Structure formats: structure tokens, C-alpha cells
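Visitor: Could you take me through the aromatic ring pairs in this structure, with a close look at how the rings are arranged and how buried they are?

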Amino acid sequence: MRTSIRTAGVLAALLALGATGCAGGRTTQDFPPPPTDVTSTDPAGTDLAGTDLVDNVRLVAYADCDEMTEGLRRAAARNVTPWGFGDAMFYAARSDVAATAKQAMPEQQSHSTTNTHEAGVDEPDLVKTDGDRVITVTGGVLRVVDARTRKVTGTLRLVAQDQAVDQSWVQAGLLIHGDRALVLFEGGGIIPFGATATARVAPGGPRYVLVDLSGEPRVLGAMTVHGQHVDARQAGSTVRLVVRSQPEIAFPPPKENASERELLEGNREAVLSAPADAWLPSYDVESGNARRTERVGCDRVSHPGRFTGTSMLTVHTIDLAAATPFGSPAPIAVAADGDTVYGTAGSLYVTSNPRWWGAHPIDVAPAPGSSAAAPTAIPGVPPERTEVHRFDVSTPGAPRYVTSGSVPGRLLNQYSLSEYDGHLRVATTSGDEVLGASPGTGESGVYVLDAGTLARTGSVTGLGKGERIYAVRFMDGLGYVVTFRETDPLYALDLRDPAAPKVTGELKITGFSAYLHPAGEGRLVGIGQEASETGRVLGTQISLFDVSDPAAPAVLSRFHREGSGSEAEWDPHAFLYWPATGLAVLPLRNRAGGGMAGSAALALRVGDREITELGVVTHPRPPNRSGFAPADQGIRRSLVIGADLWTVSGSGLKVSDAATLAERAWIPFI
């Protein structure tokens, strides 16, 4: 699960919540600072708890195992339903929560890297390169290709052959450090190569496989966990994996003609008598011929001030350079919900909105000096809020918890967050596309928080009345927010004064941008869809914006391909921008017969004032084969190595001239 969705990954920073002394009280050595008052005040002295302003949400470690069990029981009993812990208790996977994009690369770099949000913080993807090798994982097979000879030098099947067709739909990603690769199988039920379906190893959850690339690729070890994969981040050789799980409680079988009240009472009794192990996540570690099952200890569990007890977030730390990377240090579990992770070189932010599925429009008071009217909250319904937790990751070892807070509304994805000059900027939408909201009641805002306390410094609200956020990009002291329902307002924001952020300009055009990427000084590229004046989408649109004057953003050029869509709209990993030549590449699929037919990589040249088409790259169509999943899902990624453009699909790799797109090599995945 990526929430990209989806965001896009969750609570990697909660490694800071280490706890000790489960059985005999606790010490403060690995704990956050002693908890303080959960309320705070803004500069005007307004009480922030329970209002639209930012309030502190402290994270607390349990004193001992008994306290943990009792606290989780009570919280889960309040949130269990007559049908147990249903899917509604978890965040839905959203296609618009995607991984984010990185600032322009230095021109002297000879090869591109994964398009990520921040420099120095890598994200999993299906292809990686160090300039000498191209490493891919498709259909359960890892391949290593020599970039100079354009030959496959190593192949390693990680999924059983008879499962390869079905497993081609399973999300898999790569993280690389030196001669080690971590393959992340995000879905459950992976059958390792060499095992049989009747002898499935480990629980049916995400599986993480460590591979040695120094010679012929070989497996060094693996870890399989109970739960759902959320996301992963890598800094240096350290990878942090985040998994969400729900309590393993055996609810009584429903009796015939039992009322919902009777079902609910039975489930509550089961929750209140469940042991601690019901909540403590387990995982299997494999190394050589040995396999052991581990469980997170209750001394490693913390909780926020408010939590449902229906989910647990576990953070595993893996050092790809260590001799024994799995299980050391011990994983951390947090009784919390979460959906978005944003990281810089020194900070890691985790956000969550555990009530989003039942939220209603929030009662947002106008910011000082603002004339914006506030939506009316429905009495008795908790407002929709996003909780924010900050962790210090500037030094080696486990992160250090710093502080927490919250803002009104909910995020789109990690692009909605940005740390700059000691402050965190957060863009949210309130009152749109949530249960109980009236159509067209949404509006958005940007909140500026002090990074040290997460208390609000300033805000600007009332953006896009009746619309929701489709894209956000923060660049230094400026910000850009796209909202959409029928037309696409691009708002330019001046955030240089944290106490007085303001809208400086607005541009209204048809269609919308779902992803924004910097393209040189004063330039911004938008990837999205053209749309009619009534909001009906018409096909992929790439726009070049002039944002050199924050008071007057303008469109310089637009490229529209009718009846098409691109994965880059929801997953920026699919977008390549090479600043040395202005080359921009994105996968494109044409809609046909109500579905998607045909795949190509569209190559564009982004100049200072216009976008021109360089051409398209296509791959040979693979032979048809039986099975639920197709043999190929089209071109997915592109990368640059020297003067070559490499494109990646489930069928193989094509090498083209980066200037002319002339074919240089085809490397099939046989």
C-alpha cells in the first residue's frame, strides 16, 4: 500500500519512540521528553486545543505491558463494530497519494536518479541505476544490466515460476546501496522461489528480500511481516520500513438472527479479553536455512494522546551495509493511524487523519485579517484534522521525537508538506469528498508551523472555494497550489514571512495539473489533464508556467495529447526531467474502447518559453499469454545514462539516443 498512496508511505519517523523497562517501570534514556500540557496557545493567546488552530498531540510511551494492554483494549472496544475491525477502520489506498519529486539535478551528474521529493532521501521504485548498472524488478524477477555493454549480467527469480503471472500485479520496489539491493514486495501472499503454494513461508504480508549484487545476484535474507506495507524511505545505507496491522482478535461467530447490538456486545467482550499479543505485530526473519519468528515487545510500543486501538504502525530499520541487517535495532510500534510521510535530510514528518472516513466539514475560523467565511460544522461530529509529528533524523541512529501538532483538513500527499527556514508549510483541503460533506463545500489553505514546536505561526485560507487540492509544490519561500472542480486555479503564494503568508497571484485555465515540477529559474511544469469548461477530462496535458513574477503567474506553453493518460499524474516516479538538455519524458497510454490501449514514452523538450515534442519511444508488443495479469503493463519508467535514454516496461529495456530517440539497443526480459 502506498499512498503514494497513497501516499504515499507512513510513520517512518516513529523510530524515535523507543521505550525501555517493560516489566519494571521505565527509564527516560530512549524516551521523548516528559509530556507537557496537551494544549498550546497561539501568539494571540488563543487556546488551541479543540479549535481550528494547531494543537499539540503528544506521544506517550507505556509504563509497562499491563498498561499497554489495558489502554489498547479500551480504545479498541470503543471503536469495534458489529462486524469487527472492517476495512473502514483503515485508510483506503488512494491513487492521488503518490511519491513526490526532487529538485533539479546538478547538470554535471552523468545519470538520472529516482524522482523523489527531497535530495538525500530515496524512495522505492521498480528501477534503479548507479550509472554503471541498471537494476530492475518486474514480474518477481530481479535483473542487472551492464550500462556499457547493454547486456543482462545477472538474473534472480524471487517469485515462484507458476506464480509469475499473478505476481506481476504485485507492487515491488527497489532500494540500492553499493552491492546490496532490498526488494520490497508490498502485497501479501508472496510465494518465494523454491517454495510451494502448500508450503508458504511466513505470514501473508509484505516481504522484503535482501540481495547481494557483487556477483551473480543471490538472496542474503528476507523478512515477512503481518500487516500492510505503507511505505519506505532510505538515507545513506539505512532503510526504514513502515507496516500497518490490525489486532488479531478471534471474534465470536455470529449467531443466527442476532441483532447488531448483540453482535457488537460479543465483539467488545472479545476485545476486552484479548491478550497483549493480539496487538503486538509479528514478523519472520530468514537467513540461510534458518528462520525465526519475532514479535514486537510491548516495551517498544508508544501511543499518541488520542488513538483508536484498531491499528498499529510498526517501523523496521534495515542497514543495507550491516552484516545482519534484519532485526537490529529492534522495530518500534506505535498505536496510531497514519497515511503520509515527508522527509528532509534532518527532519521526518508523519501525518495522520484517523477520522477521515466519517469526517464532516470543519468549523474553520477565518485567519486574522481574512474575510473568508467558515463552513458550518455538524454538531456532535469531530472535525476533520491532520495530525503532524516531527522527528529529528539529523544524526545517525534512531530518530529523536521532537514535537507534534495538528491542522484543519486533510492532505493530498507528501507534496502538501515542506520544511523551509525553520518552518513547516502544510496545505490541506477541508470539507470536500468526505462522508457527509455537501458537494462543492470544500476549500483549502496553507498553514505555516514553527518546526520546533509545530505551533501555528501564520496561515492563508479560503483557496479554491468549492474545490479541492490537486497538486502542491513548495520552492524555497514560495508555494504553488492547484485546486480544481471545473477550471484549474493555480495559486501563487508568498511564504517568506511565516507570520503573514499570502496569495500573490492566481491563474485560471481549463483542466488541471496533478503534479508540479520545477524546470529552471521561474519555470514550473505541470502534468495533468485538459478539461472542458464543465470539468470533463480530455486527455494528458503538460503545461509550462512562468512563475518568475509571483503576482502574475502565466502559461507559456501547453502540450495536449487527446484521449490519453499518464502514470506520472499520480506517481511522479514515472516523470523524468533532465535539466541539462530540458528533456522531459513521461509514459503515455491512449484510451480506446472504454479502456487503455497502447503504451509509449512521450519525450518533450522544455525550453524557456515553449514545450515541443521530441517524439515517442515504443516497446515491442509482448506475446499474449493466459492468466489474470497481462504480460506487460506498458512503459513505466525512463532514465538517462550519459547520452542514452533508457525506458523500462515489463517486456524489457530499450536504449535510445537521448537527443534523437534513435534506437540503440533492445534488451528483452525473456
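Guide: Happy to! A residue counts as buried when its relative accessible area is under 20%, as exposed when that value is over 50%, and as partly exposed in between. Please keep in mind that this is a predicted model. With that cut-off in hand, phenylalanine 85 is buried, because its relative accessibility is 8%.

The ring centres of phenylalanine 85 and phenylalanine 251 are 5.4 Å apart and the planes meet at 70°, so the pair is edge-to-face. It links distant parts of the chain, 166 residues apart: phenylalanine 85 sits in the loop between α1 and β3, and phenylalanine 251 in the loop between β12 and α3.

Now to tyrosine 415 and tyrosine 515, which form a tilted pair with 5.4 Å centre to centre and 40° between the planes. This pair, too, links distant parts of the chain, with tyrosine 415 in the loop between β21 and β22 and tyrosine 515 in strand β30, 100 residues apart. Both tyrosine 415 and tyrosine 515 are buried. Ring pairs also bring in Phe575, giving a cluster of Tyr415, Tyr515 and Phe575.

One more ring deserves a look, this time for its charged neighbour. Arginine 468 lies over the face of tyrosine 470, 4.2 Å from the ring centre.

Methods. Residues are numbered from 1 along each chain as its sequence is written. This is a predicted model: local features need pLDDT of at least 70, side-chain atom pairs count only at pLDDT 80 or more; totals for chains, interfaces and linings use all residues. Side-chain values use heavy atoms; hydrogens and water are left out. Rings of Phe, Tyr and Trp (its six-membered ring) pair if their centres lie within 6.5 Å; planes under 30 degrees apart count as stacked, over 60 as edge-to-face and the rest as tilted. Helices (H or I, at least four residues) and strands (E, at least two) are DSSP runs, numbered from the N terminus. Buried means under 20% relative accessible area, exposed over 50%, partly exposed in between (1.4 Å probe, protein chains only). A charge sits over a ring if NZ of Lys or CZ of Arg is within 6 Å of the ring centre and within 35 degrees of the ring normal.
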